[in-house]
Every structure is written in C-alpha cells, then in structure tokens.
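Here is a quick briefing to read alongside the structure. Take a look at the picture first, then work through the points below.

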Amino acid sequence: MPDFYYYPRCGTCRKAIKWLDEHHIQYTPHDLVKNPPSAAQLEKWMKMTDLPQKRFFNTSGQHYRQQGLKDKVNEMSCTETCTVLSNDGMLIKRPIMVDEKRITVGFKEAEYEEVWNK
C-alpha cells in the first residue's frame with residue numbers, strides 16, 4: 001500500500017485525498033509536519049525519480065522564503081537537501097505519494113490518474 005505524506009490544512013492535499021478516495025485507492029496517511037520523513041527516506045525517494053531536488057521543496061511556503069532557500073537550493077548537495085527537508089516538514093512539497101516503485105510529488109489529477117489509477 002502506498003504511503004501518502006500530507007499536511008492536513010493544505011487544500012491541495014485535501015484535493016488529492018478526495019481524488020484517492022473517489023478512485024478507491026488505499027494509502028497509509030502520514031502528517032508531514034508532525035512526523036516529517038527522515039533524510040534517508042527523502043534521499044531514497046530522490047533517487048527513484050528524475051525530478052530535480054528543488055521539486056521536493058514547497059517553494060511557495062513561508063518557511064522556504066524565511067530561510068532564503070531560493071538562493072541556496074540549487075547549490076545544495078542531495079544530502080544537504082534531505083537534511084534540511086527532514087528537519088522541517090513545512091518545507092516539503094506536498095503531498096507525496098510513494099510506494100516501492102512509484103512516487104509523485106504534488107498533486108496533479110492527470111499524473112495521479114497515470115501513476116496511481118492502475
């Protein structure tokens with residue numbers, strides 16, 4: 001069963017949950033803010049995809065802006081990126097849905113349809 005990492009107050013996360021429920025797709029929910037994924041988990045996920053590291057950041061969030069990450073993120077190593085993200089769940093792009101072979105970062109209905117509705 002896929003793991004679904006989300007922030008309960010996030011509207012995009014709620015849309016993703018609604019879509020998953022309407023399509024009868026089971027998942028294990030995890031609150032990104034209360035229990036952010038470990039740096040090791042994040043590093044594993046980054047290696048599963050060809051997405052750039054920056055894609056794992058919630059670039060529109062206050063924490064991202066407050067920490068001035070816009071100017072740093074492109075220069076960070078994978079290890080540094082994963083450490084920063086694992087220390088503050090509000091920095092992580094959400095939702096993340098992942099199993100042993102697939103991962104999606106953010107919610108786009110067409111992408112969920114392609115990846116998870118099989």
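This is a predicted model: local features need pLDDT of at least 70, side-chain atom pairs count only at pLDDT 80 or more; totals for chains, interfaces and linings use all residues.

**Helix 2 against helix 4**

- Helix 2 goes past helix 4 in a right-handed crossing.
- On the helix 2 side, the residues that meet helix 4 are Ala-39, Leu-42, Glu-43 and Met-46.
- On the helix 4 side, you'll find Cys-78, Thr-79, Thr-81, Cys-82, Thr-83, Leu-85 and Ser-86.
- Sorted by class, the residues of this contact between helix 2 and helix 4 come out as six nonpolar, four polar and one charged.

**Helix 1 against helix 5**

- Helix 1 covers residues 11-22 and helix 5 covers residues 109-116; their axes come within 11 Å and cross at roughly 40 degrees.
- Ala-16, Trp-19 and Leu-20 are what helix 1 brings to the meeting, while helix 5 brings Glu-109, Tyr-112, Glu-113 and Trp-116.
- The class count for helix 1 with helix 5 is five nonpolar residues, two charged and no polar.

**Salt bridges**

- The structure has four salt bridges, and three of them are picked out here.
- Lys-18 and Glu-22 join side chains in a salt bridge, at 3.9 Å from N to O.
- Why are Lys-18 and Glu-22 separated by about one helical turn? Because they sit four residues apart in helix 1.
- Lys-18 is exposed, with a relative accessible area of 53%.
- Lys-44 and Glu-100 also pair up through their side chains, at 3.6 Å from N to O.
- This Lys-44 and Glu-100 pair ties together distant parts of the chain, 56 residues apart: Lys-44 belongs to helix 2 (residues 39-48), and Glu-100 to the loop between strand 3 (96-98) and strand 4 (103-105).
- Lys-44 counts as partly exposed, at 45% relative accessibility, whereas Glu-100 is exposed, with a relative accessible area of 65%.
- The side chains of Asp-99 and Arg-102 form a salt bridge as well, at 2.6 Å from N to O.
- Arg-102 is partly exposed, with 30% relative accessibility.

**Two isoleucines to find**

- Is Ile-92 buried or exposed? Its relative accessibility is 0%, so Ile-92 counts as buried.
- To spot Ile-92, look in the loop between helix 4 (78-86) and strand 3.
- Setting aside neighbours within four places in sequence, Ile-92 touches Leu-32, Pro-37, Phe-56, Phe-57, Asn-58 and Leu-85.
- From C-alpha to C-alpha, Ile-92 is 13 Å from Trp-45 in space, and the two are 47 residues apart in sequence.
- Ile-96 lies in strand 3, and at 0% relative accessibility Ile-96 counts as buried.
- Which residue is 92 residues from Ile-96 in sequence but 5.8 Å from it in space, C-alpha to C-alpha? That residue is Phe-4.
- Phe-4 is also one of the contacts of Ile-96, again leaving aside neighbours within four places in sequence; the others are Asp-3, Tyr-5, Trp-45, Phe-56, Ile-103, Thr-104 and Val-105.

**Backbone details**

- Going from Arg-94 to Pro-95, the peptide bond is cis, with omega near -10 degrees.
- Pro-95 is in the loop between helix 4 and strand 3.
- His-24 has a positive phi, near 55 degrees, and is a residue other than glycine.
- You'll find His-24 in the loop between helix 1 and strand 2 (28-31), where His-24 is exposed, with a relative accessible area of 70%.

How values were computed: Residues are numbered from 1 along each chain as its sequence is written. Side-chain values use heavy atoms; hydrogens and water are left out. Axes are lines fitted to C-alpha atoms, for helices over the stretch in contact, and angles run from 0 to 180 degrees between N-to-C directions. Contact means heavy atoms within 4.5 Å. Ala, Val, Leu, Ile, Met, Phe, Trp, Tyr, Cys and Pro count as nonpolar, Asp, Glu, Lys and Arg as charged, and the others, Gly among them, as polar. Buried means under 20% relative accessible area, exposed over 50%, partly exposed in between (1.4 Å probe, protein chains only). A crossing is left-handed if the near helix is turned anticlockwise from the far one by less than a right angle, and right-handed if clockwise.
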